Amino acid sequence: MFGNALPVMRLPTLGRHYGLFTNGWGQGMKRIAIGLAVLLAGWAAPAAAMTFMTVEHVCPIGGERFSAQEMGSGTSFGHFLDGRVYGAIQSPWPLVSCPGNGFVIYKNDYSAEEIKRLTAVVASDEYQRMRDTDTSYWRLARLLEAVDAPDQERAGVLQRATWQASPDQYPVYVQAAAAVFARQCPDAADGAVRDEAWLYCQMLRGEWERRLSRFDAARARFQRLQALPQQLLVAEERARARRQYSAEIEQQLQLIADGNAMSVMAVDADAPADRDAAAGVAPARQYRDAAAYAAAAQAAADTAASAADAAAAAATAAADAATDAAAQAADASEQALREQGR
């Protein structure tokens with residue numbers, strides 16, 4: 001689903017799926033508060049670059065001091081149906097882990113009880129094995145579970161873990177995420193209050209059903225949702241969101257009819273290219289073209305990230321060399337003064 005101007009389970013600094021993504025690790029940095037009730041408003045002006053910065057850290061567990069290259073901002077050009085964006089950006093937003101013990105830093109301040117619980121988890125053999133077998137967001141979900149974080153926080157973290165998952169990990173990660181999301185947006189038969197956040201959550205559950213080839217369940221869900229964008233998004237300022245929801249629901253039903261369980265980029269309801277279907281452009285071709293474009297854009301982003309890492313390493317090496325040269329010059333000067341005094 002598209003995230004801009006929509007309620008998304010998200011890191012608050014990562015919310016826009018179109019335009020500029022900023023790190024936001026300044027005031028109140030690393031605070032993760034992921035909720036269904038967050039509504040995004042307005043549109044961000046597109047930015048043209050992905051930026052990186054060096055950040056100094058003290059590990060909350062153990063006190064290790066280290067520096068890390070972190071993404072400061074990036075640009076997304078679109079998104080996949082599960083919410084993952086593509087473009088000059090890393091998606092999901094990279095998390096920082098302490099090099100020594102692998103603790104994933106996710107906020108500034110921790111209570112004494114949280115430190116106690118988190119220390120026990122990080123020291124466990126299970127968690128240390130996870131450093132080699134699981135993704136950073138999956139490990140973060142384990143940490144949030146240890147401190148009894150609410151489902152609203154765990155939901156977005158597990159969603160992002162699915163974006164990182166390997167083919168073998170994917171079914172396990174999706175089932176865990178879907179279980180948490182189901183508690184946030186139970187089906188209407190369970191008495192759920194229908195609103196835009198509920199609709200987004202339902203569509204994500206349907207996406208995961210399709211990706212796991214549960215086509216009958218996914219078809220039934222999206223058929224139930226077909227009329228809801230018009231019913232739930234009635235305000236004029238939500239017109240674009242209303243069109244986008246409807247377009248993605250129709251896209252999902254077509255994918256299900258095709259027996260397609262692949263990751264697919266979402267159509268853009270307002271893009272001229274996505275009106276080609278009315279002119280006879282086959283949906284399958286649109287999906288292939290979109291996937292190829294997304295792959296190319298992500299490859300460019302990865303190249304930019306590698307270049308930024310190389311530049312940062314070169315800058316660090318230059319700074320170290322300058323420091324060493326200054327020290328050698330000082331030693332030589334001191335030696336000369338001693339020679340003159342003899």
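Which helices and strands are among what covers the buried residues of helix 3? I opened my notebook with that one.

**Ground rules.** I am working with a predicted model, where local features need pLDDT of at least 70, side-chain atom pairs count only at pLDDT 80 or more, and totals for chains, interfaces and linings use all residues. I number residues from 1 along each chain as its sequence is written, and side-chain values use heavy atoms, with hydrogens and water left out.

**Entry 1, helix 3.** I looked up helix 3, residues 136-146. Helices (H or I, at least four residues) and strands (E, at least two) are DSSP runs, numbered from the N terminus. Nine of its eleven residues are buried, so helix 3 is largely enclosed by the rest of the structure. Buried means under 20% relative accessible area, exposed over 50%, and partly exposed in between (1.4 Å probe, protein chains only). Among the buried ones I found Tyr137, Trp138 and Arg139. The cover includes strand 5 (96-97), strand 6 (104-105), helix 1 (112-123), helix 2 (125-133), helix 4 (151-164) and helix 5 (170-184). After helix 3 comes Asp148, with a positive phi near 55°.

**Entry 2, strand 3.** Strands pair if DSSP finds at least two bridges between them. Strand 2 (residues 51-58) runs antiparallel to strand 3, joined by eight bridges, and Phe52 has Met71 as its bridge partner. Six residues lie between these two strands in their hairpin, and Gly62 in the turn has a positive phi of about 100°. I then followed strand 3 to strand 4 (residues 85-88), an antiparallel pairing over four bridges. Here Ser76 has Gly87 as its bridge partner. This hairpin has five residues between the strands, and Gly83 takes a positive phi near 100°.

At what angle do the axes of helix 7 (residues 215-225) and helix 9 (residues 239-257) cross? I read roughly 155°, with the axes coming within 10 Å. Axes are lines fitted to C-alpha atoms, for helices over the stretch in contact, and angles run from 0 to 180 degrees between N-to-C directions. Residues in contact (heavy atoms within 4.5 Å) include Phe222 in helix 7 and Leu253 in helix 9.
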